[in-house]
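Please look over the sequence and the model before reading on.

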Amino acid sequence: MLGYLIRRLAQAVVVVFAMSVIVFVGVYAIGNPIDVLIDPGATQEIRAKLIAQYGLDQPLWRQYLTFIANVAQGDMGTSMVYNIPVVDLVFSRLPATLELVFVSVCIATFIGIPAGLYAGYRPDGIAAKAIMALSVLGFSVPTFWIGMLLIMTFAVNLGVLPSGGRGEVGSVLGIHTSLATLDGWSHVILPAINLSLFKMGLMIRLTRAGMVEAMRTDYVKFARAQGLTDREIIFSHVLRNISIPIVTVFGLELGSTLAFAVVTESVFTWPGVGKLIIDSILQLDRPVMVTYLVLVVVLFVLINLTVDLVYARLDPRVRLKGGA
Amino acid sequence: MSAALEVRGLTTRFETRSGWVTAVNDVSFSVSPGRIMGLVGESGSGKSVTGFSILGLIDKPGEISGGEVLVDGTDLRRLSPDALRRMRGRRVSMVFQDPMMTLNPVLRVGDQMAMAVRVHDRVSKRAAWERAREALEIVGIPAPAERLKAYPHQLSGGMRQRVAIATALLHRPSVIIADEPTTALDVSIQGQILAEVRRLADETGTAIVWVTHDLAVVSSLADDICVMYAGRIVESGSAGAVIAAPRHPYTRGLIDSVPSLHPPGTPLPQIPGATPQLSHLPSGCPFRPRCPRATDICATEPPRTGNAHMALCHHPLTEEVPA
């Protein structure tokens, strides 16, 4: 088990390195940030000075080596736009995204899984059909449009919830989060719902499919022949089995939501990292892009590792060994 | 002796695109305590559906449309769904064909068995595990305490089937329906399980309905035999009488096509044709198109001939041999 962990983490380091090269080359190919950032009226002299200051006159491989050397010292660089260290910039935005994603994943899970279980338990019922129809809407209607509808309904017409922005930030156990205040909740709830709809649809369909399949298996029939109640069968037998694929998809979704909550964050002007990355791409703020994408890779690696560990816990047939 | 299980006129049908199809058609039989009844038939003859119908485990689009199922005199068909559920596992139990599939792969054997104990008896988890351990001992599993902690994939097929049988035995039911429980096993393991089941029936007085397509198994195990064809019982009687002197031409054909019951060196006879589709049964006797003895009268409903050794046939092979 420990050997497995070490091997996985070593692999993760390789992945992060490879990713940093790809990102660096990719960002280099996009264009010269000086062209975007500098005042068009600046003299050639100032231009050259700035280019030298950011090291942009160096060949690509040397820029990369300088970057890696700095990273090794804990310095991810300084944002060309905000002129503050990138690490500070990203981590000032990250909590907002984390709390948004946390709430939306909770909504998706605690509504999606029970709804899916029910839809799979009584697949021919009217309620099941309604649930399935809603799940199709959930992942086929564009996020931004639903987001705008939510704003129209709750902020504009009903006027009960704010239309955007992050609310008051409170402190719980030393963590600064808007989930500590009522105002914070009123701000987070709409974007969280918006962000959860796709995941909820996915959870519903996945859970339903697993449930329908599981109810036909021999072990469920055998359990019924022993006189177990449907409740016991679903919660003791079925849920354990179908949670295996659900956990896998859950992990993937969690990662991609953390990394790319961009659309929702834009619609609700939520000051998270998604909005930060879009801004920095537009402004060719290289250090921010590179740092952010490397952070995304690290997040994905960690989430996948956790999923694998949970997987082994849920399914006794899975043994953690080797580096697969 | 009163019957542990008595089935009267049991009829189960399924709704299909081409209308209702009767999979179990007016099936009646009874099994006394400690006796083993072999329910024999080809695939699609309705023998497994009969087993599930006895436990009331027929799901949509199927339904049990008629008949009585008496376990120790209680008609299961008249019980409420919850009362019926409380009979399952406690008074009437079931074992399935594929031991690889009947146990939940992600739960320990002991947890699964303990759940089956506790659904009917309010005992502590520890007491339930102890009951499970005793049950494993009864079916001849060595080191039962360790086996309980194992997951199903850590056990062999024969071992898993023993676990399934032990689970079915937990509440000492009056009746166990065994749906081809040895079909998926090696022949040597099969023999062990058969001997074990025979012993259990004798010692515990459990009545067993042994559903199978394998006449060779049934001829060595069962006390009585019912032969099913196209949802009906076409012949029934004591195992000795049915094997030695079959009265229905279909049973004759089945016996002739069992290799081990056939003289070696001669070609094995076959029954021509295939089992009919239940949605397109011929009028009268459903075996008529494949029967060597069929005549015009077979297009009308066949009569029940004989009593203790019954055959549903216009032209039975022999008169009933008086007991």
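Which residues in helix 5 of chain B meet which residues in helix 7 of chain B? In helix 5 of chain B they are B:A135, B:L136 and B:I138, and in helix 7 of chain B they are B:V163, B:A166 and B:L169. Contact here means that the C-beta atoms of two residues, placed from the backbone, lie within 7 Å.

## Basis of the report

This is a predicted model, in which local features need pLDDT of at least 70 and side-chain atom pairs count only at pLDDT 80 or more, while totals for chains, interfaces and linings use all residues. Residues are numbered from 1 along each chain as its sequence is written, and chains are lettered from A and ligands numbered from 1 in the order in which they are written.

## The helix pair in chain B

Helices (H or I, at least four residues) and strands (E, at least two) are DSSP runs, numbered from the N terminus. The axes of helix 5 (residues 125-138) and helix 7 (residues 157-169) of chain B come within 9 Å and cross at roughly 120°. Helix 5 of chain B and helix 7 of chain B are therefore oblique to each other; the term covers angles that are not under 35 degrees (roughly parallel), over 145 (roughly antiparallel) or 65 to 115 (roughly perpendicular).

## Helix 5 of chain B

The 14 residues of helix 5 of chain B should span 20 Å at 1.5 Å a residue, and its end C-alpha atoms are 20 Å apart, which agrees. The expected span is 1.5 Å times one less than the number of residues. Just after helix 5 of chain B, B:G140 takes a positive phi of about 80°.

The buried residues of this helix are B:A128, B:W129, B:A132, B:A135, B:L136 and B:I138. A residue is buried if 20 or more other C-beta atoms lie within 10 Å of its own, exposed if 12 or fewer, and partly exposed in between. The cover over these buried residues includes helix 4, helix 6 (144-149) and helix 7 of chain B.

## The contact between the chains

Chain B gives 25 residues to the contact and chain A gives 20 residues. On the side of chain B that touches chain A, helix 2 (81-87), strand 6 (92-95), helix 3 (99-102) and helix 4 (109-118) of chain B each supply at least two residues.

## A residue of chain A

A:I51 lies in helix 3 (residues 44-53) of chain A and is partly exposed, with 16 other C-beta atoms within 10 Å. Apart from neighbours within four places in sequence, A:I51 is in contact with A:I34, A:L56 and A:D57.

Key: Axes are lines fitted to C-alpha atoms, for helices over the stretch in contact, and angles run from 0 to 180 degrees between N-to-C directions.
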